[in-house]
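Visitor: I would like to learn how to read an interface between two chains. Please take me through one.

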There are 6 protein chains.
Amino acid sequence: MFQTRFIPSELVYDGTQLATHWPRRTAGVTGDCVVAFLGPAEVPTENLVDLVDRRAGERITARRMLHLIGVWFGRTLAETVLRQRLYVFLTAERLRLRGLKVLVEGDDLYTPDRRKLSVSIATKSPLAGLIHLGLNDDPAGAPVPAVGLTELGVGAADFARELLEVFEDAESGLESAGAKVRAVE
Amino acid sequence: MFQTRFIPSELVYDGTQLATHWPRRTAGVTGDCVVAFLGPAEVPTENLVDLVDRRAGERITARRMLHLIGVWFGRTLAETVLRQRLYVFLTAERLRLRGLKVLVEGDDLYTPDRRKLSVSIATKSPLAGLIHLGLNDDPAGAPVPAVGLTELGVGAADFARELLEVFEDAESGLESAGAKVRAVE
Amino acid sequence: MFQTRFIPSELVYDGTQLATHWPRRTAGVTGDCVVAFLGPAEVPTENLVDLVDRRAGERITARRMLHLIGVWFGRTLAETVLRQRLYVFLTAERLRLRGLKVLVEGDDLYTPDRRKLSVSIATKSPLAGLIHLGLNDDPAGAPVPAVGLTELGVGAADFARELLEVFEDAESGLESAGAKVRAVE
Amino acid sequence: MFQTRFIPSELVYDGTQLATHWPRRTAGVTGDCVVAFLGPAEVPTENLVDLVDRRAGERITARRMLHLIGVWFGRTLAETVLRQRLYVFLTAERLRLRGLKVLVEGDDLYTPDRRKLSVSIATKSPLAGLIHLGLNDDPAGAPVPAVGLTELGVGAADFARELLEVFEDAESGLESAGAKVRAVE
Amino acid sequence: MFQTRFIPSELVYDGTQLATHWPRRTAGVTGDCVVAFLGPAEVPTENLVDLVDRRAGERITARRMLHLIGVWFGRTLAETVLRQRLYVFLTAERLRLRGLKVLVEGDDLYTPDRRKLSVSIATKSPLAGLIHLGLNDDPAGAPVPAVGLTELGVGAADFARELLEVFEDAESGLESAGAKVRAVE
Amino acid sequence: MFQTRFIPSELVYDGTQLATHWPRRTAGVTGDCVVAFLGPAEVPTENLVDLVDRRAGERITARRMLHLIGVWFGRTLAETVLRQRLYVFLTAERLRLRGLKVLVEGDDLYTPDRRKLSVSIATKSPLAGLIHLGLNDDPAGAPVPAVGLTELGVGAADFARELLEVFEDAESGLESAGAKVRAVE
């Protein structure tokens with residue numbers, strides 16, 4: 001059963017949170033889940049999961065982000081990458097319902113003036129597929145032109161709770177979509 | 001290697017096109033692919049893949065739709081449902097880039113006045129995962145309030161070709177996303 | 001999310017209930033589930049899923065059984081056979097907690113005097129793994145020496161509800177067992 | 001081809017034996033197998049595979065246990081957890097056939113006076129699913145009320161050989177169960 | 001456990017033998033296996049598994065072939081196609097050890113004068129991966145220039161038994177190859 | 001999309017090249033691929049992937065080899081071992097087309113005088129199946145009687161390019177073989 005959890009205290013995201021058992025250790029959630037929290041992003045190059053970025057010596061830095069960590073046990077990376085793309089679109093959809101203009105490019109969110117709102121990655125552990133989706137709240141320190149939820153007039157904690165509900169609905173929709181069709185030839 | 005094909009002649013979609021080997025038989029494409037064509041939708045109740053709809057005695061009817069049929073060999077239904085949702089969002093994104101307002105709800109596209117633009121289903125055969133995405137062009141005959149690409153000022157054939165390119169890019173992005181990350185713990 | 005359901009009205013089990021979408025059609029449960037009901041077993045040879053039995057021209061007949069039909073989407077047959085064996089043992093365990101003596105042999109339950117209490121099979125559809133577990137209530141008509149729940153002093157409807165709870169707990173235990181271990185070398 | 005092996009010399013189980021290639025290195029068995037041996041259990045907290053137990057700072061200690069280590073290549077953790085539960089039940093069944101009373105709770109065996117007879121865990125390596133099942137022989141040092149095979153009048157070495165036969169039969173039964181059914185709808 | 005069987009009586013191969021349970025029904029082998037027999041090939045167009053050939057209206061005909069039917073439960077088509085190619089090469093290797101010159105092209109065997117020695121296909125059922133490999137013994141009736149084992153001086157029945165041993169060794173080698181390596185990064 | 005690449009500069013193969021992201025880091029190829037290069041083989045015992053060889057304290061040494069490193073994302077070890085065997089046969093086939101006599105035994109190539117031409121291994125990382133195939137060019141230093149491409153009159157760089165083409169064709173053939181058959185019962 002898919003679960004979600006919002007951790008009310010702020011935590012630094014340094015990349016080590018993208019780990020199979022982090023949600024269980026930190027938020028007490030066992031099983032498939034998305035856990036949200038707010039806090040700075042300070043991911044040193046060596047912790048990057050995207051090896052292209054790591055090679056380029058990049059870092060992920062922002063004064064404050066809304067972080068979403070998802071874990072799905074027993075899933076392939078191919079399936080997890082698809083889920084990540086879907087989650088990015090679901091996030092964009094909620095921003096648009098608030099009247100905001102955002103663009104989705106691959107797994108990135110931008111404002112129309114080409115400022116980056118998000119970082120995201122999908123990966124795999126020996127036991128699970130994992131996703132990190134980070135939305136800038138205060139993008140100070142970001143290595144590229146960036147924008148944050150605060151500037152867009154979106155309360156990060158409220159939006160976290162909204163997204164967790166949206167993701168829960170989406171997972172439930174995905175599950176029933178796979179259980180109400182007949183096979184074809 | 002993922003391929004796309006646009007069939008220039010119009011064909012009736014009656015549900016039997018959602019079949020593993022239909023793209024090979026009809027468009028000569030062997031392997032993972034999306035094939036697009038224009039034509040009426042006349043899916044009788046007994047051909048519906050969505051068993052909830054079938055039970056309700058529904059039908060899919062429209063005078064003209066843009067049909068996209070996708071086949072991915074060796075994929076699970078869970079993965080195919082994720083891909084279907086992603087494809088619906090990618091379609092919405094292209095409409096928005098044309099300045100149109102559309103809403104995504106699950107695997108459906110609506111205009112803000114709650115008229116339905118699309119039908120879609122994901123399913124599985126013994127050999128492949130399959131997707132049908134149909135976008136109304138002329139929605140006459142649709143059993144619910146509906147809208148079509150023509151009314152929205154979108155040329156269906158042009159949009160077909162645009163979507164095929166978008167899907168090809170997306171598949172390529174998905175593939176490389178799964179091949180450039182390190183595993184985590 | 002795994003669900004269970006008890007259908008209060010009696011139904012004949014003739015083998016066609018062992019089908020992916022039967023729980024949805026009959027009990028309104030979409031997704032992984034076990035559905036229980038009481039009723040006669042009248043499975044003609046040609047409906048048998050066990051091909052060894054079918055070849056031998058066997059039939060499954062009993063005046064009244066407790067039937068449990070389980071469906072797990074996207075699972076392999078190998079996994080479903082393991083689950084079936086586990087469910088048979090879980091059933092035996094509950095009978096023993098009531099002070100009854102039963103023996104488990106493969107996927108069969110016997111009383112110490114070698115009378116058969118159960119029939120069971122695991123199989124696969126294009127979309128799911130499926131299990132049928134039938135416990136004789138009134139074994140009249142069974143083709144082998146048989147015993148029923150009534151004779152053992154077990155109320156079939158009560159036991160159905162008890163088993164559904166046990167299976168729900170077991171599924172939840174299985175899920176968390178897979179989400180609280182570290183990988184090894 | 002599934003194989004079993006009994007190692008006649010005693011070995012300490014400290015957790016590092018739960019490793020893909022331990023049976024090959026130690027007992028010369030290549031491929032899916034269960035290997036049994038007798039010896040003390042001295043698993044320090046940091047070697048625990050169950051992360052809930054590890055977090056609680058627990059240890060596994062007993063003066064002498066019957067250890068069973070199983071490895072199944074290419075299997076998922078979900079399947080391995082099912083197999084583990086089945087093996088625990090198969091073990092209980094053999095004790096009952098000797099006239100002993102045991103209770104199965106999840107993956108634990110107890111005597112009716114709530115003393116623990118076993119420890120068990122299922123996990124995964126990059127190449128295989130793995131199971132450890134330990135049955136106390138002399139439970140001295142166990143951190144909870146415990147009972148051993150000696151006190152129950154069961155010879156540990158004899159029982160090891162008996163279980164290996166039982167597991168071999170069970171694996172053979174599982175394999176043929178998956179190869180004698182027809183698929184359903 | 002992989003098994004092989006040679007059926008001493010001749011049988012007509014008409015395509016319906018390429019079925020999950022045919023080896024069990026006909027040769028009493030349950031589980032992964034290759035079954036060999038001699039007999040005419042008379043596969044009408046509508047029984048062809050290769051849909052390209054079927055579309056072209058082809059047939060498979062030969063007065064006498066050595067037929068090998070293989071079934072591997074729970075395997076994907078991708079894996080089965082690889083196994084088929086390997087089996088074709090293993091067959092060629094044995095012919096070469098007898099001093100014969102053969103060429104392997106895809107899944108076909110030819111003599112240097114471009115006469116076809118074999119037909120072969122890999123496919124999937126809901127439960128298994130399946131392979132048919134047919135070697136002409138007397139190619140009379142073949143729709144293309146063909147050669148048979150008799151003309152090559154190879155006794156078909158002897159060669160059948162030789163191949164079954166070779167395939168058994170190969171399966172055992174494949175299994176141990178997957179159980180004696182360490183994982184890499 | 002499967003890709004191939006020949007690295008023109010010589011590199012030492014010490015075993016660390018058999019890694020998921022080595023082709024991307026070294027040759028800029030992202031995704032399924034085979035990368036070829038020439039250079040010495042100096043694999044210390046502790047880098048061996050074959051644990052039987054590692055245990056025996058063996059090493060892989062040769063003054064110059066043609067190395068082929070293949071990576072297939074998301075594939076099982078069982079499938080990768082099959083592919084490895086196929087690649088070895090494909091290599092033998094090309095040597096025979098040049099009039100050379102070679103024998104295939106398991107995953108090894110020999111000349112008729114029992115000198116070893118190749119080393120090969122298939123393994124798995126958390127993300128991919130991997131293959132190393134090394135063909136001696138100058139076998140000096142090999143721990144067993146060995147032969148090299150130079151002595152056989154085969155230009156290693158030319159043969160590398162030939163093999164890459166052959167593997168590309170084979171992968172394309174495998175893919176279409178899985179996309180042109182109907183399923184059977």
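**Reading the interface**

Guide: Start with the area. This is a predicted model. About 3,500 Å² is buried between chain B and chain A. Carbon and sulfur atoms give 64% of that area.

Visitor: How many residues does the contact take from chain B and from chain A?

Guide: Contact is a matter of distance: heavy atoms within 4.5 Å. Here 44 residues come from chain B and 44 residues from chain A.

Visitor: What rotation superposes chain B on chain A?

Guide: Read the angle together with the shift along the axis. The rotation is 180°, with 0.0 Å of shift, and the RMSD is 0.0 Å. The two copies are therefore related as by a two-fold rotation axis. The same surface serves both copies, since 100% of the contact residues of chain B recur in chain A.

Visitor: How many salt bridges are there between chain B and chain A?

Guide: Look for a Lys or Arg side-chain nitrogen within 4 Å of an Asp or Glu carboxyl oxygen. The count is four. One of the pairs is Glu93(B) with Arg96(A), whose closest N and O atoms are 3.0 Å apart.

Visitor: Which elements of chain B supply the side that touches chain A?

Guide: Go element by element. Helices H2 (51–55), H3 (77–97) and H4 (156–177) of chain B each supply at least two residues, as do strands E4 (103–105) and E6 (118–124). H3(B) gives the most, with 13 residues.

Visitor: How do the residues on that side of chain B divide?

Guide: Sort them by class. There are 26 nonpolar, six polar and twelve charged residues.

Key: Residues numbered from 1 in each chain as written. Chains lettered and ligands numbered in written order. Predicted model: local features only at pLDDT ≥ 70, side-chain atom pairs only at ≥ 80, totals over all residues. Heavy atoms only, no water. Least-squares fit on C-alpha atoms with pLDDT ≥ 70 in both. Buried area = accessible area lost by both parts, 1.4 Å probe. Helix = DSSP H or I, 4+ residues; strand = E, 2+ residues; numbered from the N terminus. Nonpolar A, V, L, I, M, F, W, Y, C, P; charged D, E, K, R; others polar.
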